[in-house]
Amino acid sequence: MEPHVDWDGLPAGVRQAVRERTGEVFGAETVAEGITCRTALVLTTERGVLFLKGVPTADFALLDAQVTEIALNSAVRLVSPAVRWETITDGWHLVAFDHVDGRHPDLSPGSADLGAVAELLKRAQRCRPPDAYRVPLLATRYRGFLRPGDREALAGTSLLHTDTNPHNLLVTDQRCYLVDWAMPALGPSWVDPALTAVRLLDAGCTPEQTRAWLSGFPDWERAPRDARERFIEVICRQATAALGADAWHIHRTFRSLLP
């Protein structure tokens, strides 16, 4: 992944376009995380603090991801910061969000953040797909790895984030946020909790502790075991195709979600 472009590295026309909307920029902190943009900045400006993301318009994959995030923003306001404005200038597509002064959660055993993240995901389950944007099906994402019956197991109408890694979670004193909705899908409501549960395992939780946390999501508990097993196997097939023998860790973590 290429490093993010800092404020001074952006074209002069881009910085001027930002100033026209924010007033003077007093400080610019580069955010290193994130693979769906080429610049990510916390800007302290004459009109307040904001979070700015940008991609070159010539990078069609990144541009599509950013446009997708904007299209979903009004539908995910329960869990995500609001878009303030967007603009295209000097070969860049920019979008500004309300700034969340938060930290990434601690998902290790006994952390108080585990409850906050669970509450966030339950809130996210109340979000509905926007009428004006056609969200792709989860099964379509994995179409190259499906076997007979898998498509039905991955069917659902819930709006999914699908990338709930800790860098996309922000915790404040008041609430938790889920950011970067660049990879949405429609599928079973229990998918995002399952994808988040493997992050608990990565943070040191035991399979038993992780399954106990996951049991707090009734939709996961009620889902047919066959559907959950098929989802896990599809993930493992994709991981094997991408990583070969190095996919063993993904196989182990996902399969431990079911006793």
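**Figure 1. Accessible surface and overall build of the chain.** In this predicted model, the chain exposes about 12400 Å², and carbon and sulfur atoms supply 52% of that area. Of the 259 residues, 50% count as buried. The chain holds 10 helices and 9 strands. Its radius of gyration is 19 Å, close to the 18 Å given by the globule rule for 259 residues, so the chain is as compact as a globular protein of that length. Along the principal axes, the C-alpha atoms fill a box of roughly 55 × 40 × 40 Å. Among contacts between residues at least 6 apart in sequence, 66% join residues at least 24 apart.

Figure 2. In soluble globular proteins, nonpolar side chains tend to be buried together. The largest nonpolar core here has 49 residues, of which Trp213, Phe231 and Leu257 touch the most other members. Helix H6 (residues 191-202) contributes 7 residues, the largest share of this core. Another core, of 14 residues, lies apart from it; among its members are Val5, Val18, Val25 and Trp85.

**Figure 3. Contacts of Leu257.** Leu257 belongs to the largest nonpolar core. Leaving aside neighbours within four places in sequence, Leu257 is in contact with Ala194, Ala197, Val198 and Leu201, among others. Its contacts also include Thr210, Arg211, Leu214, Trp220 and Ile232.

**Figure 4. Helix H10 and its cover.** Helix H10 spans residues 248-255, and its buried residues are His251, Thr253 and Phe254. The elements that cover these buried residues include H6 and helix H9 (225-243).

**Figure 5. Leu258, in the segment after H10.** Leu258 has a relative accessibility of 10% and therefore counts as buried, the cut-off being under 20%. Not counting residues up to four places away in sequence, Leu258 touches Arg211, Trp220, Arg225, Arg228, Glu229 and Ile232. Leu137 is 121 residues from Leu258 along the chain, and the C-alpha atoms of the two are separated by 24 Å.

**Figure 6. Asp90, a residue with positive phi.** Asp90 lies in the loop between strand S4 (83-89) and strand S5 (92-98). Its phi is about 50°, although Asp90 is not a glycine. With 47% relative accessibility, Asp90 counts as partly exposed.

**Figure 7. Thr162, in the loop between strands S6 and S7.** The two strands cover residues 158-160 (S6) and 169-171 (S7). Phi of Thr162 is near 75°, a positive value in a residue other than glycine. At 13% relative accessibility, Thr162 counts as buried.

**Figure 8. Gly34, in the loop between strands S1 and S2.** Strand S1 covers residues 25-30 and strand S2 covers residues 39-45. Gly34 has a relative accessible area of 26% and is partly exposed. His4 is 30 residues from Gly34 along the chain, and their C-alpha atoms are separated by 8.7 Å.

Conventions. Residues are numbered from 1 along each chain as its sequence is written. This is a predicted model: local features need pLDDT of at least 70, side-chain atom pairs count only at pLDDT 80 or more; totals for chains, interfaces and linings use all residues. Side-chain values use heavy atoms; hydrogens and water are left out. Helices (H or I, at least four residues) and strands (E, at least two) are DSSP runs, numbered from the N terminus. The radius of gyration is taken over C-alpha atoms; the globule rule is 2.2 Å times the number of residues to the power 0.38. Buried means under 20% relative accessible area, exposed over 50%, partly exposed in between (1.4 Å probe, protein chains only). Contact means heavy atoms within 4.5 Å. Accessible areas come from the Shrake-Rupley method with a 1.4 Å probe; for residues, only the protein chains shown count as cover. A nonpolar core is a set of buried Ala, Val, Leu, Ile, Met, Phe, Trp, Tyr and Cys residues joined through side-chain atoms within 4.5 Å.
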